[in-house]
Amino acid sequence: MSVGVLLMTHEAVGKALISAARHVMPKLPLEVDAVEVPPSADPDVMRTLTAHHARELDHGEGVLVLADLYGATPCNIGLSLSELGVHLRCVSGLNLPMLLRVLNYSEKSLTELAEIAASGGRGGIFIDHA
């Protein structure tokens, strides 16, 4: 068993990140899916759809929700899934380094992966010293 990974993003972000991750790692070691929330989406409809996706990803170890922007609709929907009985941890600020770090530690628990995601996201940020 392993943790499922669900990307909760604005339109076109989640699938692009999965595609980029597959460019780096052609065989992803964890099951990853994306729910992209269009601007005109009904949050209640998206919540139901997202709960379905999350349940499909949960094979007993829970689901790591990686959201693009804290406080935005995709993140809020992801956070609300726990109210529907989905075992999850949610980390916002999604970027490619965060996703790749999670995929490189596929054997870790849900709680550990949440910490690894946050660390990977922060660690992937670089400022030149010009």
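Modeller: Two strands are taken as paired if DSSP finds at least two bridges between them. The model is a predicted one. On that definition, four strands form an open sheet with parallel pairing, in the order β2-β1-β3-β4. The edges are held by β2 (32-37) and β4 (88-92); each has a single partner strand, so one side of each is left without a neighbour in the sheet. From one strand to the next, the twist averages 20 degrees.

Strand β1 (residues 4-10) runs parallel to β2 and is joined to β2 by six bridges. Within that pairing, L6 has D33 of β2 as its bridge partner.

Helices lie against these strands. Helix α1 (residues 13-24) lies across β1 and β2, at about 155 degrees to β2. Helix α3 (residues 73-80) also packs on the sheet, where it touches β1, β2, β3 (63-67) and β4. The direction of α3 makes about 145 degrees with that of β1.

There is also a helix pair to describe. Helix α4 (residues 96-104) packs with helix α5 (residues 110-123) at an angle of about 140 degrees, and their axes are 7 Å apart. The angle makes α4 oblique to α5, and the crossing is right-handed. On the α4 side, the contact is made by P97, M98, R101 and V102. From α5 come L113, I116, A117, S119, G120 and G121. By class, this contact has six nonpolar, three polar and one charged residues.

Note on methods: Residues numbered from 1 in each chain as written. Predicted model: local features only at pLDDT ≥ 70, side-chain atom pairs only at ≥ 80, totals over all residues. Heavy atoms only, no water. Helix = DSSP H or I, 4+ residues; strand = E, 2+ residues; numbered from the N terminus. Axes fitted to C-alpha atoms, helices over the stretch in contact; angles between N-to-C directions. Contact = heavy atoms within 4.5 Å. Parallel < 35°, antiparallel > 145°, perpendicular 65-115°, else oblique. Left-handed = near helix turned anticlockwise from the far one by under 90°. Nonpolar A, V, L, I, M, F, W, Y, C, P; charged D, E, K, R; others polar.
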